[in-house]
Amino acid sequence: MIIGVDIGGTFTDLVLSDGQSLKIHKLLSTPGKPAQAMLDGLRQMGGDLTAFQRIGHGSTVATNAILERKGARCALITTAGFPDLLLIGRQNRPVLYDLHPHIAPPLIEHTFEVPERLDHTGTILTPLDLDALDQALDAIAALGVEAVAVSLLYSYVNPIHEQQIRARIIARGQMTEDQIALSSDVLPEFREYERTSTAALEAYVRPVMSRYLSELERALPPNTLSVMKSDGGVISARTASKQAILTALSGPAAGVIGAFHLASLAGYTDIITLDMGGTSTDVALCPGIPIRRADSEIDGLPLRTRVIDIETVGAGGGSIARLDSGGVLHVGPESAGADPGPIVYGRGGREVTVSDANAVLGRLVSRYFLGGSMPLDIEAAQQALAHLAKAMNLSVNDAAAGIIRLANTNIDRAIRRVSIARGYDPRRFSLFAFGGAGGLHACRVAEGLGIPRVIIPRHPGVLCALGLLVADVTIDYSKSVLGQSTMNTMVVFDHLLRQAHHDLEAEGFTADKMVFSPQIDVRYVGQAYELTVPYHINYVNLFHEAHAERYGYALRDREVEAVTARVQAIGLVDKPTFPHEPVTDATVQTVGGTKEVTLYDRAQLHPGARFVGAAVVVQPDSTTFVPVGWAAEVDTYYNLILEKIF
């Protein structure tokens, strides 16, 4: 019995595998106490919680703590002369010609300096001043902070002074080790601002994440809970409590992992994922493998941890449609969320949303929504849309169609950013659509981009939860090697690999279930940024090729330098089997509809079933709209394959 649980802004999704079949369940999220919906769903699915051997969990707790500025009260200790590291940053302008740019304020207000200094080789120039440190710690104690971040200059080369500060704090009985985030542990890489920012983020979210996971673990069987990371892997709840920042951008990662796994089974390895939920839409490019990158940002704050390259836009089923003062229609990014939600949900919502527009156009069917357990108030949605349509001087249906087109345009832009802007032609890819609303918009989005094929998985509304069942345990390691010799770089890799092997053993994996992927960041001498390539004897040639692919040219006569050594350790988990049957001439039964649109029940569509649009396919966790000019076929894995026919 293994189960994946994904807590979204509107719904909490669960997928249970008992070794032979999959069972799915959706319930409304409880934003004020996210663990409540998860525990309720687990009890509804399994009854006795002790029956579960593994529980995969996708959480937005760390993300929300940062976005809402509700993390822990923290202090920062840094090298004397560098108290303004977080405040000054890189002085980048988010919008080049904005006369009044908005720069995200630092998460930590209280910074303390201690005299100490290393040089770039890690040699001690000025020993750590313990008397000055004690004075700083006294001031920190008076503030009553929950956590401390420590980031000293050149500590990524030699962490001795950071370790001495931690030992001093613990010896004074001021804090436990888990309350202290050392930059040399969190991110042993050069670039002092990004390293300090990442350490500050870790200190800021660790207490919040630790409390949340502790609450869950008390209610669950021991050692069963694992948590999704931003790079699409999972880690144990114990590790996540100590490395909380690794989960900060994990929300949509599980969906990409699940989508790529199912697409690969069906023979499609070049896909663009489209995950449209209640609050936002996430898109990612997978050219044979999900793309990961080593840097990102959250709410304007740099975060140097590996993440799946995902583009997010505020275009979900709950995105609010409104007119501005000039009468121009806008859709999102504001969302009605889970409470009160769209008007059509009948929970007190008062603002027109994308879901209301789909309902008015006949694309949401009340008796099938959530398996019929949640009646839709379509009349209320029509009345609200009528007021908006009147202000727009349009019919109700035209106003609803306009809302849908605008939402699709927002999604179109996001897909262009992950494909065309990175040198990929979206027409070479299939669009893999999921989420509660993905199937409603996928075909029209694909038309706008020239994408010839749309794939809707068997359980699109809970794919993020399903992705948690197929995600492997991954642990990432890095160490700056800038300026070091080839021999020293090899020594660093040897150390990282030994540490990776030890940590996977501690997670319960045997050698045959371990995979190690060494990589190295490389750049031309004089460049400010680098590219990551596999590490082996020909890594320089691989860098030239990667540079040519990314930028259109390579300087093969230019000297290159290694910057950062990386190792990804993967612990292979046992994955559920997915039912599949041979394709036959399956009969197709309709379950209703109108003269314009035919209605099909997804549960009655078996491999080989074929039909053409316009059609609506209903199922408990999602709805799919097939426009005129598109044909649908069910493949051997029960995926709905939609292709443009004219």
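Gln568 is buried, with a relative accessible area of 10%; here buried means under 20% relative accessible area, exposed over 50%, and partly exposed in between, with a 1.4 Å probe and protein chains only. The model is a predicted one, in which local features need pLDDT of at least 70 and side-chain atom pairs count only at pLDDT 80 or more, while totals for chains, interfaces and linings use all residues. Residues are numbered from 1 along each chain as its sequence is written, and side-chain values use heavy atoms, with hydrogens and water left out.

Gln568 belongs to strand β27, where helices (H or I, at least four residues) and strands (E, at least two) are DSSP runs numbered from the N terminus. Beyond its neighbours within four places in sequence, Gln568 is in contact (heavy atoms within 4.5 Å) with Asp231, Arg292, Arg306, Thr474, Ile475, Asp476, Val515, Phe516 and Ser517. With Asp476, the side chain of Gln568 also makes a polar contact of 3.5 Å. A polar contact is a pair of N or O atoms within 3.5 Å; within protein, one must be able to donate a hydrogen and the other to accept it, and residues adjacent in sequence count only if both atoms are side-chain atoms. Ser241 lies 327 residues from Gln568 along the chain, and their C-alpha atoms are separated by 20 Å.

Attention now turns to open space. The second largest pocket holds about 1400 Å³. On a 1 Å grid over the protein atoms alone, a pocket is an open set of points with protein on both sides within 12 Å along at least five of seven lines, a cavity is a set where a 1.4 Å probe fits but cannot get out, and lining residues have an atom within 4 Å of a point. Grid points are joined across faces, edges and corners, and a volume is the space filled by probe spheres set on the points. Of the 49 residues lining the second largest pocket, Asp185, Val186, Gln243, Asp476 and Tyr477 are the closest to its centre. Elements giving two or more residues to this lining include α6 (183-186), β24 (473-480) and β27 (560-571). The lining of the second largest pocket comprises 18 nonpolar, 13 polar and 18 charged residues, with Ala, Val, Leu, Ile, Met, Phe, Trp, Tyr, Cys and Pro counted as nonpolar, Asp, Glu, Lys and Arg as charged, and the others, Gly among them, as polar.

Helix α6 also contains Ser184, which is buried at 10% relative accessibility. Its side chain forms a polar contact of 2.7 Å with that of Glu162. Apart from neighbours within four places in sequence, Ser184 is in contact with Ser155, Pro159 and Glu162.

One cavity of 30 Å³ or more is present.

The whole structure contains zero disulfides, a disulfide being a pair of cysteine sulfur atoms within 2.5 Å. Cys443 is in none, as the nearest cysteine sulfur, that of Cys286, is 19 Å away; Cys443 is buried at 1% relative accessibility. The sulfur of Cys464 lies 13 Å from the closest cysteine sulfur, in Cys286, and is therefore too far for a bond. Cys464 is buried too, with a relative accessible area of 7%. Helix α14 (residues 463-470) is mostly covered, with eight of its eight residues buried, Cys464 among them.
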